[in-house]
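Please consult the sequence and the structure shown here while reading.

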Amino acid sequence: MTESKSSHTSTAFNPNWKRMLTGDRPTGALHLGHYVGSLKMRVELQEKIDTFVLLADLHVLTTRTEDLHEIGGNIRECVLDYLAVGIDPAKTTIYLQSLVPEVLELFWLFMPLVGVPRAQRIPTLKDQVRDLQLESASMALLSYPVLQSADILMVKGDVVPVGKDQASHVELTREIARRFNQTYGREVFPEPDAPITPVLIGTDGQAKASKSIGNVIMLSDSPEAVEAKVRTMFTDPNRIRADIPGKVEGNPVFIYHDEFNNDRAEVEDLKERYRKGAVGDVEVKKKLAAAINRFLDPIRDRRAGFAAKNGFVEEIIEAGSARAREECHKTLTDAREAMGLTYFRGAEGLQVSK
Ligand code: TRP
């Protein structure tokens with residue numbers, strides 16, 4: 001094997017990037033952790049390069065066989081959140097994985113390139129089995145990152161901004177791309193970079209904001225819900241009275257102030273008084289709730305506007321999936337040609353039935 005080019009893991013824009021692909025499993029509406037961890041960078045990148053965002057509904061099946069009827073509603077919520085934060089369907093191709101069934105063919109072409117022990121070493125596999133208390137990993141769960149690789153490489157994505165927990169999947173994608181190109185002697189696939197996006201701390205001070213833990217503020221939360229959640233937020237546990245000097249660093253309330261409060265002077269003033277023991281938690285939290293609500297207000301308005309447009313989400317998914325399907329078809333033709341799998345296909349290759 002030739003050496004891997006080193007992966008750029010910085011989120012700073014790299015002018016070599018041509019195409020971004022990233023996505024979410026549609027397990028529900030999105031929250032502030034998603035905003036900090038991925039949505040913000042998607043909105044920025046769509047101005048610069050061709051961008052794809054997929055709703056990975058087939059990936060949901062790797063850990064769930066129940067309540068699958070909920071997936072449809074979740075997809076809708078996710079798309080509304082995307083639109084609300086400014087992902088623009090004129091610039092970003094938003095698509096549904098299961099409406100591009102060809103991705104499963106590419107997935108299968110990749111499967112022979114990945115050894116079972118290699119797949120078993122992916123850290124998220126053990127984490128999922130433990131967290132979801134599964135008796136064992138299914139074949140689908142074992143091959144989860146191979147399907148993710150097919151998602152990325154079907155559009156020849158060369159940049160995949162992901163959280164740290166997903167980095168091992170993009171690393172496998174790089175290996176698959178490299179191995180494919182070497183095995184079949186053509187540079188069909190790029191080795192994508194994985195800029196590692198920031199993680200937002202949970203409102204309870206846990207390392208990560210996660211819906212399953214319940215320590216999150218949803219993008220679609222009402223102003224009252226935001227106030228209630230901020231009121232119970234974890235702060236400096238050693239500060240039992242307002243006149244005791246408090247710690248700002250690592251304090252969730254100030255991390256959220258830094259992230260979401262656009263009134264920088266207010267944040268600096270609060271920090272200074274907090275360090276001196278000259279402000280109560282109540283004031284710090286009231287101002288934080290107001291700041292988050294200022295941040296969320298336009299998002300809520302746009303969300304409501306899009307939700308009221310009949311058939312709009314459906315149209316976006318349909319158009320995006322048609323575009324993604326075309327890309328996948330082109331890539332499959334390249335892959336099959338490199339592999340010599342062109343028999344019985346005619347000069348044009350197998351046509352996509354419409
Ligand atoms: N595994 C990702 C997650 O759980 C979702 C996903 C599926 C994805 N396919 C992808 C992310 C391709 C980036 C690129 O968050």
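The points below treat the ligand shell and then the helix pair.

The model is predicted: local features require pLDDT of at least 70, side-chain atom pairs count only at pLDDT 80 or more, and totals for chains, interfaces and linings use all residues. Residues are numbered from 1 along each chain as its sequence is written, and side-chain values use heavy atoms, with hydrogens and water left out.

**Ligand shell**

- The ligand is surrounded by 13 residues (a heavy atom within 4 Å of the ligand), of which R25, Y144, Q148, D151 and Q166 are the closest.
- Polar contacts are pairs of N or O atoms within 3.5 Å.
- A polar side-chain atom of R25 is placed 2.9 Å from a ligand oxygen atom.
- Nitrogen atoms of the ligand lie 2.6 Å from a polar side-chain atom of Y144 and 2.8 Å from a side-chain N or O atom of D151.
- The protein buries 92% of the 360 Å² that the ligand exposes when taken alone (Shrake-Rupley method, 1.4 Å probe).
- Strand 1 (19-24) and helix 8 (144-154) each give two or more residues to the shell (DSSP runs: helices H or I of at least four residues, strands E of at least two, numbered from the N terminus).
- Helix 8 gives the most, with 4 residues.

**Helix pair**

- The axes of helix 10 (residues 223-231) and helix 13 (residues 281-308) come within 9 Å and cross at roughly 145° (lines fitted to C-alpha atoms over the stretch in contact, with angles from 0 to 180 degrees between N-to-C directions).
- Residues in contact (heavy atoms within 4.5 Å) include V226 and V230 of helix 10, and L288 and I292 of helix 13.

Notes:
A polar contact is a pair of N or O atoms within 3.5 Å; within protein, one must be able to donate a hydrogen and the other to accept it, and residues adjacent in sequence count only if both atoms are side-chain atoms.
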